[in-house]
Amino acid sequence: MKTDQPSQSSTRKAFKDYFDKAAVVALAQQFKAVWAEFPRQAFQKSALRQLESLEFSQRVSRLSDCLKASLPDDVPEALSILRASLPAPLANCDSVTDGWLQWPLGQFIADYGIDHFDESMLAMIELTQVFSAEFAVRPFVIQFPERTIERLTELCQHKNAHVRRWCSEGVRPRLPWGSVIRSLVNDPAPMLPILDALHDDDELYVRRSVANNLNDVSKDHPQVVVDRCVQYHRSQSAHATWVTRHALRTLIKNGDRNALAVLGYHPPKDISAQLSVAPAQIMIGESVELTAVLQSNSKTSQLLAVDFELTFVRQNQKSSAKVFKWKTFKLSSGDEVVIKKRHPVKTTTVRRLFPGRHEIRLMVNGTALAEAGFQLQSNISSSGNETS
């Protein structure tokens with residue numbers, strides 16, 4: 001999705017609440033302006049019925065259903081009116097837009113346009129230049145995979161960058177907030193020609209979608225993505241290099257040696273390493289300082305991607321590890337490098353912390369070269385109450 005949330009009071013208002021009475025009225029006016037027969041009052045009355053009790057997706061679906069009840073029964077005619085109602089296309093890829101108001105239009109296409117392929121594709125091409133059609137196209141990819149992917153592949157040559165980005169974003173197998181395209185999760189091969197066509201696009205906006213798509217695929221088919229990135233990287237294009245780095249980011253973070261090798265990070269050779277952690281004991285919410293010393297005994301320089309893997313103590317004597325990025329640099333023959341990093345050890349919205357011995361491993365190009373650890377204590381006062 002490529003639109004900003006509305007700027008007014010954005011820190012105080014839940015996103016679902018932007019589909020409120022004002023939004024309903026605005027949509028009604030949008031359609032009434034291009035189709036005089038649009039039943040504005042009936043649309044508003046139906047859309048607003050207990051709207052405040054609905055969650056975000058339910059509100060979008062409600063507005064889609066209300067559009068269906070208000071527009072002509074003939075879906076191609078309704079799609080024609082929908083297209084006519086759209087605001088002007090965005091001027092460029094950096095345009096700020098309140099196009100979120102058009103979200104229900106994409107839902108309408110997904111809900112009711114599936115039996116009208118050509119008309120729906122045309123509507124999505126125009127919608128994506130105003131807001132986005134990445135969610136709307138997914139039912140078409142699922143129900144008509146060959147026909148839809150063929151059409152999207154052709155559109156990779158479209159003059160509008162928003163359309164080109166849509167071609168990649170719409171087929172992301174695991175698009176956030178979108179329905180999973182299970183067939184492409186199992187086998188991404190049918191959509192790869194789209195990514196091949198767009199990986200060297202002049203617009204960063206388009207290339208970012210390609211990289212995000214490949215990064216998604218890497219979680220299910222790492223070697224497929226590595227092989228593709230090898231091809232892209234060989235072109236030595238600045239654009240392709242950027243896509244390669246961002247497409248491989250999850251694999252790099254996980255220490256995948258094949259992915260690291262694509263970017264020139266090979267298994268470390270003749271490097272001695274030390275890792276120390278201070279202090280040896282901290283409370284939850286405090287920080288530790290990591291110090292790594294790397295000494296090259298090799299006759300050649302080496303590119304190093306240095307990370308650290310922190311193993312967290314979990315409940316029931318279990319543990320889980322997470323890799324954190326640290327530093328990349330070239331280590332020359334015979335050189336010694338000392339690097340330091342302060343790392344906070346605090347509870348987050350996705351991770352609870354538990355007391356115990358936490359281990360840290362120094363990872364160099366995906367290989368563990370040294371390890372150390374610290375003792376984590378809970379913030380419990382002598383009275384038995386947890387402290388802040």
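Analyst: In strand β8, Glu371 is the bridge partner of Arg361. This is a predicted model, in which local features need pLDDT of at least 70 and side-chain atom pairs pLDDT 80 or more, while totals for chains, interfaces and linings use all residues. Residues are numbered from 1 along each chain as its sequence is written, and side-chain values use heavy atoms, without hydrogens and water.

Strands β7 and β8, the latter covering residues 367–377, run antiparallel and are joined by nine bridges (strands are DSSP runs of E, at least two residues, numbered from the N terminus; two of them pair if DSSP finds at least two bridges between them). Together β7 and β8 make a hairpin with two residues between them, and Asn365 in the turn has a positive phi of about 50°.

Strand β7 (residues 356–364) also pairs with strand β4 (residues 302–313), again in the antiparallel sense, over six bridges. Here Glu359 in β7 stands opposite Thr311.

Because Asp307 lies in β4 and Lys325 in strand β5 (residues 319–331), the pair ties together parts that are 18 residues apart in sequence. Asp307 is buried, with a relative accessible area of 6%, whereas Lys325 is partly exposed at 39% (buried is under 20%, exposed over 50%, partly exposed in between, with a 1.4 Å probe and protein chains only). This salt bridge belongs to a structure in which a search of the whole finds 16 salt bridges.

Terms used
Helix = DSSP H or I, 4+ residues; strand = E, 2+ residues; numbered from the N terminus. Salt bridge = Lys/Arg side-chain N within 4 Å of Asp/Glu carboxyl O.
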